[in-house]
Amino acid sequence: MRILTKPATLTLAATLLSPTLLTAGEITLKADKFIQSVELSATAIPTKSFPITVKPEAWGAMKIEKVLPSGSVVKKGDTLVWIDTEDLDEKIIAVEKARVKQKLELANAEQDLAQLEFSTALQLKAAETKYSRFLEDYAYYKTVQRPAQIEEAKFDLFQAVNYLAYSKEELDQLYKMYKADGLTEDTEEIIIKRAKHKMKATELNLKGQEKKTKFTLEVGVPRVDQNWEVAATKAKAELDNVKKRAPRALSIKKQDLEKLRKNDADAAKYLVDLKADRAIIDFKSPSDGIFYYGDIRDGKWDRSHASKVLKIGGDVPSRLTVMTIVPEQTTFTFSATLSEAERTLLGDADKAILRLDRDAWKSYSAQAKVATEYPGVDSKWQMNINFADPASAPKKLILGTKAKVSIIVTEEDDVITVPANAVTTNADGTYAVKVKMAQGDPEMVKVEVGRQSGGQLEITSGLTVGQVVITP
């Protein structure tokens with residue numbers, strides 16, 4: 001049992017005797033040198049680089065078969081990425097074959113249009129000629145045929161009346177002649193009988209002719225007039241129909257041809273673009289240098305996209321830089337970003353101390369310069385840091401070399417400071433610190449604060465050298 005309880009007893013004793021838990025800290029104030037600085041993390045960015053971006057016009061599938069490792073040393077013209085071009089090559093062949101048929105179809109359409117233009121002109125001329133001749137026939141009917149038909153009908157009636165009168169007069173003369181002779185022979189009777197029959201026939205003929213003439217004048221001629229009027233309306237409609245439909249058909253044919261011509265031009269451009277894309281996806285190095293994955297933009301080296309796609313089976317994105325060539329002999333600048341508070345403290349250009357992460361014990365004099373007038377989308381300003389003496393710059397800097405940059409903003413003697421956690425903010429916006437009194441309990445003393453650096457706050461009034469401040 002003692003073995004089990006002894007550790008617990010020791011742990012409790014250690015807790016009770018811990019000075020950090022039993023008492024607060026005490027600081028005796030003194031006036032020391034106050035150094036206010038801005039500490040930044042910076043990345044080496046080359047002053048010259050060659051971004052590699054593919055901008056295909058028609059082909060988007062660029063499947064990677066092989067890609068050089070990032071950091072590879074390359075010569076101008078070296079292949080950086082090998083792309084599977086089988087689908088693209090097959091597409092080019094297919095489009096070339098389709099272009100042969102497309103050109104023939106376009107030639108046929110152009111010939112059809114020329115033929116339609118010729119036939120349309122003939123059709124319009126034929127329709128106008130037909131209508132013109134119809135109008136001539138109609139005019140001839142109204143001025144010649146119709147009056148003649150009416151006149152003929154009236155004359156036939158007139159002639160029938162005269163035939164009846166002639167027959168009656170002839171019969172009357174026969175009666176007078178045979179009466180004067182006082183004789184009636186068989187021959188004479190036959191002649192009289194024939195005359196009677198003739199008169200009867202002319203009477204019937206007159207009645208029939210009267211009906212026929214009446215029909216002609218009241219029914220026949222009006223019907224023919226009506227037929228001509230209907231035919232005139234129909235002939236005019238046919239002409240109007242041809243005048244409207246023929247140009248429309250021609251216009252449709254022209255539009256169809258223009259569409260074929262546009263399709264032909266688009267297909268021709270598509271083929272040119274495919275062949276151009278076939279040439280540009282042979283990714284070649286534009287310069288001697290080092291091949292890096294990623295894009296250098298706005299003072300930053302972005303590798304986020306490159307790490308996702310630059311691998312076997314990946315797709316090289318179009319119009320997006322994911323590869324960069326950095327010449328071996330180029331110089332480097334260090335790029336950092338500033339928050340609004342840091343930008344407020346700094347001028348446009350300040351002296352700085354730069355330390356490489358790979359050799360943190362060696363420092364270099366540098367010049368820091370704000371590179372952008374306004375913050376970027378990340379609400380930060382860009383700052384470039386260059387070595388004050390380029391000749392003393394470290395050797396073998398590479399893209400992405402990390403460094404710490406210290407920019408001294410203020411350096412002043414005889415300044416009273418306290419830890420920031422010793423200062424309390426009051427409800428009225430004033431500040432106070434807990435001060436140990438010579439006699440009695442500690443008291444909260446109002447103070448005014450100034451600058452801040454490294455967790456220390458400058459006290460501009462309210463405290464004096466030698467006082468003891470109690471910290472949490």
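The lining of the largest pocket is made up of 13 nonpolar, three polar and three charged residues. The structure is a predicted model. In the second largest pocket, the lining divides into four nonpolar, four polar and six charged residues.

**Largest pocket**
- Its volume is about 450 Å³.
- Among the 19 lining residues, Thr 330, Thr 331, Phe 332, Pro 394 and Leu 397 are the closest to the centre of the pocket.
- S8 and S15 are the elements that give two or more residues to this lining.

**Second largest pocket**
- This pocket has a volume of about 250 Å³.
- Its lining has 14 residues, and those nearest the centre are Arg 297, Asp 298, Lys 300, Gly 376 and Asp 378.
- Strand S10 (300–302) and S15 each contribute at least two residues to the lining.

**Nonpolar cores**
- The largest nonpolar core holds 32 residues, of which Leu 40, Phe 334, Leu 354, Met 383, Ile 385, Val 405 and Ile 407 touch the most other members.
- Strands that each supply at least two residues of this core include S2 (31–46), S12 (332–338) and S16 (402–419).
- S2 provides the largest share of the core, five residues.
- A second, separate core has 27 residues, including Ile 52, Ile 64, Leu 68 and Ala 306.

**Leu 113**
- Leu 113 lies in helix H3 (residues 86–181).
- Leu 113 counts as buried because its relative accessibility is 9%, and the cut-off for buried is under 20%.
- Leaving aside residues up to four places away in sequence, Leu 113 touches Leu 250, Lys 253, Lys 254 and Leu 257.

Note on methods
Residues are numbered from 1 along each chain as its sequence is written. This is a predicted model: local features need pLDDT of at least 70, side-chain atom pairs count only at pLDDT 80 or more; totals for chains, interfaces and linings use all residues. Side-chain values use heavy atoms; hydrogens and water are left out. Helices (H or I, at least four residues) and strands (E, at least two) are DSSP runs, numbered from the N terminus. Buried means under 20% relative accessible area, exposed over 50%, partly exposed in between (1.4 Å probe, protein chains only). Contact means heavy atoms within 4.5 Å. A nonpolar core is a set of buried Ala, Val, Leu, Ile, Met, Phe, Trp, Tyr and Cys residues joined through side-chain atoms within 4.5 Å. On a 1 Å grid over the protein atoms alone, a cavity is a set of points where a 1.4 Å probe fits but cannot get out, and a pocket is an open set with protein on both sides within 12 Å along at least five of seven lines; lining residues have an atom within 4 Å of a point. Grid points are joined across faces, edges and corners, and a volume is the space filled by probe spheres set on the points. Ala, Val, Leu, Ile, Met, Phe, Trp, Tyr, Cys and Pro count as nonpolar, Asp, Glu, Lys and Arg as charged, and the others, Gly among them, as polar.
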